[in-house]
Each structure stands twice: as C-alpha cells, then as structure tokens.
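Q: Hey, could you walk me through this one? I've never looked at it before.
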Amino acid sequence: MTAGPFIEVKDLKVHFPAPKNLFGSGGAIKAVDGVSFTLERGRTLGLVGESGCGKSTTGYSILRLIEPTSGQILIEGQDILQLPQSQLRPLRRRMQIIFQDAGASLDPRMPVGDLISEALEIHGLWPGADRRRRVRKLLDLVGLSTQHAERYPHELSGGQAQRVAICRALAVEPQLIVCDEPVSALDVSVQAQIVNLLQDLQKELNLAYIFISHDLSVVRHVSDEIAVMYLGRIVEKADRKRIFEGAAHPYSRSLLSAVSIPDPDVEQRRRRIILSGDLPSPANPPSGCRFRTRCPIVEEDCALHDPPTRLLEPTHGAACLHIQKSQELLKWT
Amino acid sequence: MALLEVENLRTRFATDRGVVRAVDGVSFTLEQGEVLGLVGESGSGKSVTSLSLMRLIREPPGKIEADKLVFDGVDLLKASESTMSSLRGGKMAMIFQDPMRSLNPVLTVGRQLTETLRRHLRLDGDAARRRAIELLEMVGIPLAEKRLNSYPHQFSGGMRQRVMIAIALSCNPRLLIADEATTALDVTIQAQIVDLVKRLTRDLGTAVIWISHDLGLVAGLCNRVNVMYAGRIAETGSVRDVFYRPSHGYTVGLIGCTPRVDRVGAPLTLIEGRPPDLIRPISLCPFLPRCAVAIDACNKTMPAMNTIEAGHAARCHADLSVFHQKGAA
C-alpha cells in the first residue's frame, strides 16, 4: 500500500480564456484558482459555495473532464494530470461522476439494463452470461427491481433516474464518486431516499465522495469535511463539526446564516447576515481578499493583501485577515 | 371580510388516459397582509391551485369548479375575461421560478415596467418612468435609472427576480402569489429576496401566497401553512401548529426527511414510494400506501378534516401527539 492520502489535490488552477473585448485579449476567467485538499476512502468532502464559485469545475477537473491549467491531482501518489489521454479510461474506472439532472445524463434510446451493461462492456468487465447477473445485482444494490431494466429513461421518475445514474457509476467498482448536486432537483422525500442510499453505499463499498452542493443542510448531513469556496478559492475548510459550530470566515458565516431552518421559533430568533449584491466576475476578481466587496466586516487592509490561510486548529483553516472580528460580530444562529 | 375565499376548489384536466383531478376540494381563506405557505411535493396541486385563482388554466382541457371563489369582492368564477385581465398584474400579481421565461427578452426592463403602469394605473410616460425608477430602487437594484434601459439578459438571476418582483408590485397588488420564486437562486440571494418580501408585506399590507417545497423558507416567512398532498389540503394551521404539532402522517414524514443546517440529525426518515396517480378515484386517505403511522381506521374510511384546535386542522385518523414538541422559544 502507498502511504499518503487516497486523493490529494495541490494548487489546482483552471483558467478559461475570457471572451475578447474591443481591444483584443479578454484575459483569463479564473474559475478555479489555487485549490488544495486531501480525501481518504470511505469519507466525504462537501464542496459548497454559490453558483460560479468553481465547485463543479473542481469536480470535473478531478476526472479530467476539464483539463486543468496547472497543479497536481495525486491518486495514491500518482499525478493523474501527467497521464496521456490513452490512459484515462483505466483512471475513470476508479472515479465516476453523477449529476444533478440524472435524466439528461441517460441516453433516451437505451433501456436501463443496456445503460448499465454498456458501462461494463466499455471496461471489459463481467463478460458473457455473468454480465446480466451483475446488472441485476447492481439494480438491487440501488433499490431498483429487475423490471426497471426494461424501462427507458423517460419512464423513470426523477428519483429513479438518479438511482440508475448511481447504479451505472457503481458498475465499474469505482473508489471515488464526484456527486455534483445529486439531490438538488428532487422533492425532499425523494432527496432523503437518495441521500440515505449514497450513505449506505459508502459504508458498504468504502467509497470516497466529493459532494458538491449549494444546500448546506444536505452537506451537513452527508459530509465528514467541508470546504467553502468563493470565486475559485477555498476560503475555509474544516471537519463538519468545526464548520457548523465554529465557522470563522465571514463568507462561511454569511452562507450559513442565509440557510433557512424548518423551525418557526428558531427562524424568528436568529439573526441573518444579508450580503449585498452578487458574486463579482471571476474574470476580474477584486484585489486583495476576493470577498471584500460583499464582506460585512471589511477593513481597509483587505484590499491590499490576499489573505493567507490561517490554521485555527490542525484541521481547520480560514483565509481572512480579520478572523477574530468575524467570530465576534457575525452570529448566524 | 377575507381578501380571498376559496371553497371546495376542484381543477381537473382531461387527458388521453382519463380525467386528472389535480386539485380536488381545496378550501381556505386569506386575510389582508397574511402570508400563507403552500407546501407539498411536485404534483400535489400547489401550482394548479394558484393558477386556478388567477384563472390561468386553459379551458379545455382544464376545468375549474368551486363552491366559492371570491377575491376582494369579485366572484372569480363569473368574472369576464376582461375583468380577469385587469385583475392580473393589477390587484393580483404572480412571480414564477424562472424570471427569464416571464420577461420579454427583446424589450428593455424599463419598457416592461412602464407598460404595466400605463395599462393598469393609466400613468402617462413621464409619471410611469418615475414610478419605474422608484420601484427598481425599492427592490434594491443599484443605478436604477440607468438599468431601465437594460435588457433582461444583462441582469444576473437574482437581479432578474428583483425586476419580476418590481413588476409584480408595480400596481400595489392586494395579493402576491410567488411560485417557487427563490428556488433557482443561491441561498445568499434567496435571503435577500425573502427579506425584501417580508419588508414589503409589512410596509404595504400585501397578502402573499408563498408556494415552496422548502420547509425552512416557509417556517421563516409565513404566518400560516397549507400542506398539500394529492390535490387536497392534508393539514392547515399556523406555522407553529404545523411544525411543532404536526397532525397528519404526511406532515410528520415531510419534517422527518428534511435535513437541518443547525443540527446533525439521525439518518433521515424516509417517505417510501410515490404519490398516487390522480386519475384513479380516491376512496381512502391518498397518503395511506406511504404512511408510517397508519392505523386500522385508515383502511376503512376516508378521514374528514378534523379540527385540532382553533385554526389547526388535518385529514388524518392517527393520533400523532408523540411527534409533538414545544416550540424552541
């Protein structure tokens, strides 16, 4: 066995060329701009933040569905960004992805059984008669019956389509699944079914999950560690307890305060930190701290220095120059 | 007198497979300045209820019937199309989930705002323009005067939803219907919009019907809530009644499967299965096949709407007091 974490992402950058303006070059849109984290098997990292913060781009880069600009992604010590295209297929057997709109990720002309056995075929797994037995077993694993194998994607409900997508991802026996907003489009009752299914599968198969979501209630429920992203950077990262009980960064605190809680008295009592305005453009991020244009406790020096990540605990880091002020002034419960 | 009285509203659609009873006997009243939440799964009849109130259901294949449907003294069932058309966008306004589909992409935002003002309030060009600027400022759009000349695609999602709210509020509606109005927005923007709606109801006395599947939003924003299932109201009450003393098996299930950001929960409880097909006639409680707390009586008779205390009622046979808790206050 190799020492070190199962997956390690180091200083990942994904820059896209910006549309050209009247005067020529448009520069770069820094969708992901220096992201680092590690993750072990059997554990879940929640990636949270608003639309445009780079959380999905980070997820796609790990599967090399998007080619990163620079950085390293080490899987058990091997830098997968150095792999030639021809060696990506064996890599993708180890890593799979499921999306928010599961229906759209399934070929409408293929019945469910074929969708799953296709994954096995591509990777040359379970050849011959075993393959059908394997498909049945996989369907059973995600709570679908053999009858579902005959159905076409349009005959499935949203929850069933997500189960099929999970089933197809599991078919190749991956070690890591990137879950990109997997329950955001589902009704709460179905959402709970899928969340519980993902958790059961994780225990059974020792899977690592990167769980990308804007829904902090779900993220709290499923994650061991949480990274909060803002404009291409991780601004705070800690284990679940620390984030939800002692978040330090003003952005994390604002985000938490914006989530509504299904409890009328708690809602009545709590204070909200209302952020003004929208996310600035990642093509032209603010100088210094990227959050300063919306930060409720901004100071003059925030425009001058790009805040380094400060460790508050061995496993809790936050990138803010005024952590103490944030902890004193910004309350979210 | 209540602003809105709905009695036994039934909205059906003729389809190839048969008649779908999308709304099947919904009754409620709404007072001025009250914020009523409608919650339930997709297909529970929340949106069809509100579209029926606005008479925005195409007939046929749809058919709206009710024993009473009165808004601000007007009988909506008998109202002419021209009466309805002056009510919509006037005294009754609606905002939808996707503002991009509600706004006209080839007209400036200013044109779309002033159009409403000129039509409903008969303002002239200058007055309409001044009012439009006021409205955009009220909903928190910076540089309002300049933004009048912008097209919808030049706004962000949150800003577009503000424009929709500005248009909806432009003629001082007595009733605002918001159908999943913040569902597509980021939580920080959602918090801004909810804050805005709260302020407006307080300052202008507008009544609101807030349709959402997000129980948290409803808990924080609404005074009362109707929990809908299979085209009917399963439970109705103040938000405290319904969240702390849920009295329908479905409400208990819904609360149990909603994760909370302020606590690490036990595994989420599940509501297995799917809602019923609304074409088949319903003779027992429609939630029975999925209910975790059903008792013998549930297999025998359809539960009536039982009053639990003043203003709190549910269609359920089971005694759910074990799920009741005091408020956190």
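Q: Which residue is the bridge partner of B:Leu176 in S9(B)?
A: That's B:Val208. This is a predicted model, where local features need pLDDT of at least 70, side-chain atom pairs count only at pLDDT 80 or more, and totals for chains, interfaces and linings use all residues. Residues are numbered from 1 along each chain as its sequence is written, while chains are lettered from A and ligands numbered from 1 in the order in which they are written.

Q: OK, and in what sense do S8 and S9 of chain B pair, parallel or antiparallel?
A: Parallel, over five bridges, with S8(B) covering residues 175-179 and S9(B) residues 207-211. Strands here are DSSP E runs of at least two residues, helices are H or I runs of at least four, and both are numbered from the N terminus. Two strands pair if DSSP finds at least two bridges between them.

Q: How many strands form the open sheet?
A: Eight, all from chain B, in the order S7-S8-S9-S3-S10-S11-S13-S12, with mixed pairing. The edge strands are S7 (92-95) and S12 (306-309) of chain B, each pairing on one side only. From one strand to the next, the twist averages 20°.

Q: What lies across S9(B)?
A: Helix H1 of chain B, residues 46-53, lies across S3, S8, S9 and S10 (224-229) of that chain, and runs at about 145° to S9(B). Axes are lines fitted to C-alpha atoms, for helices over the stretch in contact, and angles run from 0 to 180 degrees between N-to-C directions.

Q: Switching topic: which domains does chain B have?
A: Domain 1 is 4-222 and domain 2 is 228-323. Those bounds come from an automatic or database domain assignment. The C-alpha centres of the two domains lie 28 Å apart.

Key: Contact = placed C-beta atoms within 7 Å.
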